[in-house]
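Dear colleague,

Here is the structure for your files. My notes on it follow below.

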Amino acid sequence: MKEIIIDIGDSTRNEMRWLAFYRSLESKSIKKGKQVIIDFENVTFIIPFCLLGMLAFIKSAFELTQKKVKLKNISSEKTIYQYMERADFFKYTKKYCSIVGDYTDVKLWERDKEAKKMHGIIEIEKDPIKSAKKVDQTIDDLKNRYKHILDFFSSNHKNANIFFTMLSEITANIPEHSNSTGYLLVQKWESTAKGKIFTSLSII
């Protein structure tokens, strides 16, 4: 059988479910000549960590099979397609996958309206960052892009410093040691029930 159909179910709802699902993929015989198809039919919610995990899997599957991964049954009614598009997911996976179906009539989220919540995936180049100046410049670029999301850190410099130390690690150490391209996605959301603001920093 040359087709490998993968139903990701509800594994995209939290980190532990995704990691368990990702481990289960080891039993799949993904190799050259096989056609990998990812079925989104049962997906109702995706967190940033799982979105990047899916990006990493699609890229890996493409490299193993030398065929574009097919994505099918991405729901626009549940705004799964709109979320993935707003996060620039398709921008960074277009070399590795194709979408089954026609989404030309789907109303996408307005960029300005969603700008304060998400600015999309950032690609971290695989070329090693060799100077502290380059690291500082990269962090400044990220800070500018995610300014709206990071605004609530302004009154707590301790948290902000921890956050930017993490960004420094991402933009320098990870690409240098992995010798591969990395990806970063930051998202903010508000809980009216809890009266709190949450931020998710996801990297691969």
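How many helices and strands does the secondary structure of the chain come to? There are 8 helices and 7 strands, where helices (H or I, at least four residues) and strands (E, at least two) are DSSP runs numbered from the N terminus.

Please note that this is a predicted model, in which local features need pLDDT of at least 70 and side-chain atom pairs count only at pLDDT 80 or more, while totals for chains, interfaces and linings use all residues. Residues are numbered from 1 along each chain as its sequence is written, and side-chain values use heavy atoms, with hydrogens and water left out.

The chain overall

Of the 204 residues in the chain, 42% are buried (under 20% relative accessible area, 1.4 Å probe, protein chains only; exposed is over 50% and partly exposed is in between). The accessible surface is about 12,000 Å², and carbon and sulfur atoms hold 50% of it (Shrake-Rupley method, 1.4 Å probe).

The sheet

Four strands form an open sheet in the order β1-β2-β3-β4, with parallel pairing; two strands pair if DSSP finds at least two bridges between them. β1 (3–7) and β4 (97–99) are the edge strands, each pairing on one side only. On average, neighbouring strands of this sheet are turned by 25 degrees against each other, direction ignored. β1 is joined to β2 (residues 35–39) by 5 bridges, and E3 has Q35 in β2 as its bridge partner.

Helix α2

Helix α2 (residues 48–65) lies across β1, β2, β3 (69–72) and β4, at about 160 degrees to β2. Axes here are lines fitted to C-alpha atoms, for helices over the stretch in contact (heavy atoms within 4.5 Å), and angles run from 0 to 180 degrees between N-to-C directions. The end C-alpha atoms of α2 are 26 Å apart, which agrees with the 26 Å that its 18 residues should span at 1.5 Å a residue (1.5 Å times one less than the number of residues). Among the buried residues of α2 are L51, L52, L55, F57 and I58. Q66 follows the helix and has a positive phi, near 65 degrees.

Aromatic rings

The whole structure holds 7 aromatic pairs (ring centres of Phe, Tyr and Trp, its six-membered ring, within 6.5 Å; planes under 30 degrees apart are stacked, over 60 edge-to-face, the rest tilted). The F89 and F90 rings have centres 5.7 Å apart and planes at 85 degrees, so this pair is edge-to-face. Both residues are buried. W18, F21, Y22 and F57 form one aromatic cluster.

Regards
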